[in-house]
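Thank you all for making time this morning.

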Amino acid sequence: MAGNAVGLALASAAMIGVGFTLQKHGVASDFPDIGFATLLHRWRAVVRALLGNWVWLLGMGLGVVGGLVQVQAMANGDLSLVQPLFNTSNLWAMAIGVGLFGERLGRREWLGVAIGIAGAVVVSMSPLESTSVRPAFGPLAGLTALAVALIVGTQLGRGERRGAVSAEFMLALAAGLAFGLQNLYMKVMTWHAGEALGHLDLSSFASWLHVVTSAPLYAVLLWVVLGTVFVQAAFAHGRVALITPICTGVTTVVPMIAAAWVFGERFDAHRGIGVALSLAGPVVLAFAARGEPAPIEAIDTLTSG
């Protein structure tokens with residue numbers, strides 16, 4: 001089952017990485033520089049424009065399919081196993097961002113990405129089978145409150161320290177925290193479905209019926225929407241080759257804390273070292289991104305015609 005979870009996690013990461021890259025291009029081509037406040041005030045116009053942009057729609061479609069594959073991966077394996085593997089989406093985002101969109105990363109940024117990917121490789125070598133237990137409500141509520149406070153703090157800090165930290169970094173940080181909560185509640189959803197049905201299998205009608213009627217699903221949808229808003233604003237400000245590694249790296253933090261605190265998962269050396277590397281990557285990127293300008297050059301060749 002663990003081997004199957006690894007394959008599904010890697011497939012999900014590929015689809016999400018490519019999807020994020022296409023979404024970034026779609027946003028940048030229609031809105032070369034849009035702030036979070038403007039995004040909220042003009043959301044109707046933004047939605048209308050993006051729904052007419054086939055590149056952005058393709059990216060969203062890939063993201064949705066990748067998310068479904070991610071659900072199955074979480075049902076088949078521990079959070080501490082599959083979550084760091086999602087960081088391999090960075091490989092796809094980097095390849096497209098640098099190779100097709102002409103984006104550039106500095107040496108420290110490449111180092112941060114490489115560290116995060118190395119963490120995913122080490123985690124995938126863990127021989128542990130599933131060790132999750134029933135999620136504890138108290139730690140779940142506490143971790144949720146902490147992550148929400150950090151999301152609010154990133155946006156307040158972005159307004160007060162605009163010159164110290166780039167907008168793309170702070171928005172990607174908020175998106176990563178929101179997506180981390182999404183993955184946390186996704187695991188809660190799959191755990192409860194497994195408890196009720198024996199195992200969650202998205203190829204069965206019974207599993208779908210249980211998922212769409214479960215309370216955790218609505219928490220997942222809430223964090224998906226919030227994370228999507230933040231990441232679209234980040235894409236309008238900066239480089240996909242930097243935003244995606246930051247976002248996916250920070251997304252790892254909440255589930256990794258939850259793996260031990262909420263689900264009581266066991267960590268061996270592979271998981272411990274891999275998680276540490278997965279968290280160290282965004283830290284290196286944070287220092288590399290400080291004060292760096294991130295101009296957007298719209299590339300119209302994909303959306304013309």
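Let me begin with threonine 190, whose side chain reaches the backbone oxygen of lysine 187 at a distance of 2.9 Å. Please keep in mind throughout that what you see is a predicted model, so that local features are taken up where pLDDT is at least 70, and side-chain atom pairs where it is 80 or more. Threonine 190 belongs to helix 9, and because its relative accessible area is 5%, under the 20% cut-off, threonine 190 counts as buried. What does threonine 190 contact, once its neighbours within four places in sequence are left aside? The residues in contact with threonine 190 are then Val71, Met74, Ala75 and Leu200.

Now to the chain as a whole. The protein chain has 13 helices and zero strands, so if you follow the elements from the N terminus on, you read α-α-α-α-α-α-α-α-α-α-α-α-α. Of the 305 residues in the protein chain, 56% are buried, and the chain exposes about 12900 Å², with carbon and sulfur atoms supplying 69% of that area. If we take the contacts between residues at least 6 apart in sequence, 86% of them join residues at least 24 apart.

A pair that illustrates such separation in sequence is alanine 147 and glycine 180, which are 33 residues apart in sequence, with their C-alpha atoms 8.7 Å apart in space. Alanine 147 is found in helix 8, which covers residues 137-160, and it counts as buried because its relative accessibility is 2%. Not counting residues up to four places away in sequence, alanine 147 touches Leu177, Leu181 and Val254.

Asparagine 53, by contrast with the helical positions, lies in the loop between helix 3 and helix 4. Is asparagine 53 buried or exposed? At 4% relative accessibility, asparagine 53 counts as buried. A polar atom of its side chain lies 3.3 Å from the backbone oxygen of glycine 26, and from asparagine 53 to valine 27, which is 26 residues away in sequence, the C-alpha to C-alpha distance is 8.8 Å.

Finally, I turn to the open space in the model. The largest pocket has a volume of about 1100 Å³, and 43 residues line it, with Val64, Phe179, Gln182, Val224 and Thr228 lying nearest its centre. The elements that each give two or more residues to this lining are helix 1 (2-30), helix 2 (36-41), helix 3 (43-51), helix 4 (54-76), helix 9 (167-197), helix 10 (205-212), helix 11 (215-237) and helix 12 (240-261). Which of the helices gives the most to the lining of the largest pocket? That is helix 11, with nine residues. Sorted by class, the lining of the largest pocket comprises 31 nonpolar and twelve polar residues, and no charged residues.

To return to where we began, helix 9 is among the elements that give two or more residues to the lining of the largest pocket, and threonine 190 has its place in that helix.

Definitions and conventions. Residues numbered from 1 in each chain as written. Heavy atoms only, no water. Helix = DSSP H or I, 4+ residues; strand = E, 2+ residues; numbered from the N terminus. Buried < 20%, exposed > 50% of the residue type's maximum accessible area, 1.4 Å probe, protein only. Contact = heavy atoms within 4.5 Å. Areas by Shrake-Rupley, 256 points an atom, 1.4 Å probe, with all protein chains shown as cover. 1 Å grid on protein atoms, 1.4 Å probe; cavity = no way out; pocket = protein on both sides within 12 Å on 5 of 7 lines; lining within 4 Å. Points joined across faces, edges and corners; volume = space filled by probe spheres on them. Nonpolar A, V, L, I, M, F, W, Y, C, P; charged D, E, K, R; others polar. Polar contact = N/O pair within 3.5 Å; in protein donor to acceptor, adjacent residues only side chain to side chain.
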